[in-house]
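Subject: Structure handover

Hello,

Here is the structure you were expecting, with its sequence. My notes on what was found follow below it.

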Amino acid sequence: MSYLVNSMGHVQLNVVDVDALVKESCDILGLHVTREESGCVWLSSNGRMAELVLHEANENAMRSLGFEAVSEAAVAEAAARVEEAGCKLVSTDPSLDCCVTGMQFVTPQGHTFELHSPVQTEIYGSRKPTPGMAPLRLDHVNIMSPEPAETRTQMEKIMGMRLSERMVDDGLNWMRGANRLHHILGIVKGETGLHHYSWEVAEFSDYCHLGDRLDTIEKNFIWGPGRHRPGDNTFAYYIDTCGAMVECAGNMALINDDDRYEPNIITALKRPENVRVMNVWGEPAPLPWREHHFPWAAPAA
Ligand SMILES: [Fe+2]
């Protein structure tokens, strides 16, 4: 078994004002609510039962990050690898009942990750009426780690992820799963946390729709639209109501010739001279993007 992980599964956030983030996620981004219960709301952009799960809490923080496995057997295989990779297995059940199997583990750096079997999905009738932009699906997530090389190795050993590209100083790493997107996970060097969660757009004009919707609530993009060099995807970023950074991204490169692909190592690190190494069209990353950090909640006791 090579890849145990196929794609990004879901994002769970602890949120002080759940109602505000639900409203923005529905009216501006274009998600829809799939379940609402006391202190917890599930949202999705498509026919999947859950992509973004919000828990009412007394702090805004990343709670856990779920990856979708290639199969139920892959979940069991990954669980058996957790301890040897230096991490702690904390659950052998899925956190969401729309998954048949799942397991959660905590890393020494303080990330809570889950690998779960595919989320229950309706492939027809998945588009809902919304004034928002309406992305296609959760695409990838960039997390922050003080030890990115260790985090990368955990992902390789436990989930069978592969490295697609990295900066020579490990400032950024991009890793892929079985769906062959250039990255489903980015690892940014820094204090443990979330850098951004990203949704796939159907077409470039969606950025116009999203920017105009943000304008109606006195908000704007903090970077983009543009096109990244690593991954070759288009992008635009804004900060959501709980302080986490949201990216919308499109047309990410696929790595199809998987066994022959050699990870690209970026050696041109000096700003702003390396702008075309990092960004195809124009402006380099602004300071608020480079310095953004959203905390990761302490693992549940
Ligand atoms: Fe991204």
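A residue is called buried here if 20 or more other C-beta atoms lie within 10 Å of its own. The model is a predicted one. By that cut-off, 4 of the 5 residues of strand 3 are buried, so strand 3 is largely enclosed by the rest of the structure.

Strand 3 has two neighbours to note. With strand 2 (residues 32-37), strand 3 pairs in the antiparallel sense over 5 bridges, and His-32 has Ser-44 as its bridge partner. The two strands form a hairpin with 2 residues between them, and Gly-39 in the turn has a positive phi of about 75°. Strand 3 also pairs with strand 4, again in the antiparallel sense, over 4 bridges; there Trp-42 is bridged to Val-53.

Helix 1 covers residues 18-29 and reaches 15 Å from its first C-alpha to its last, close to the 16 Å expected. Its buried residues are Val-18, Leu-21, Glu-24, Ser-25, Ile-28 and Leu-29. They cover an arc of only 140° around the axis, which puts them on the same side of helix 1. The buried residues of helix 1 pack against several elements, including strand 3 (40-44), strand 4 (52-56) and helix 4 (205-215). Just after the helix, Gly-30 takes a positive phi of about 100°.

Lastly, Arg-166. This residue is in strand 10 (residues 162-167). Is Arg-166 buried or exposed? Arg-166 is buried, because 22 other C-beta atoms lie within 10 Å. Among the residues Arg-166 touches are Leu-172, Trp-174 and Pro-263.

Regards

Methods: Residues numbered from 1 in each chain as written. Predicted model: local features only at pLDDT ≥ 70, side-chain atom pairs only at ≥ 80, totals over all residues. Buried ≥ 20, exposed ≤ 12 C-beta atoms within 10 Å, placed from the backbone. Contact = placed C-beta atoms within 7 Å. Expected span 1.5 Å × (residues − 1). Arc of directions from axis to C-beta. Pairing = 2+ DSSP bridges. Lists of a residue's contacts leave out its neighbours within four places in sequence.
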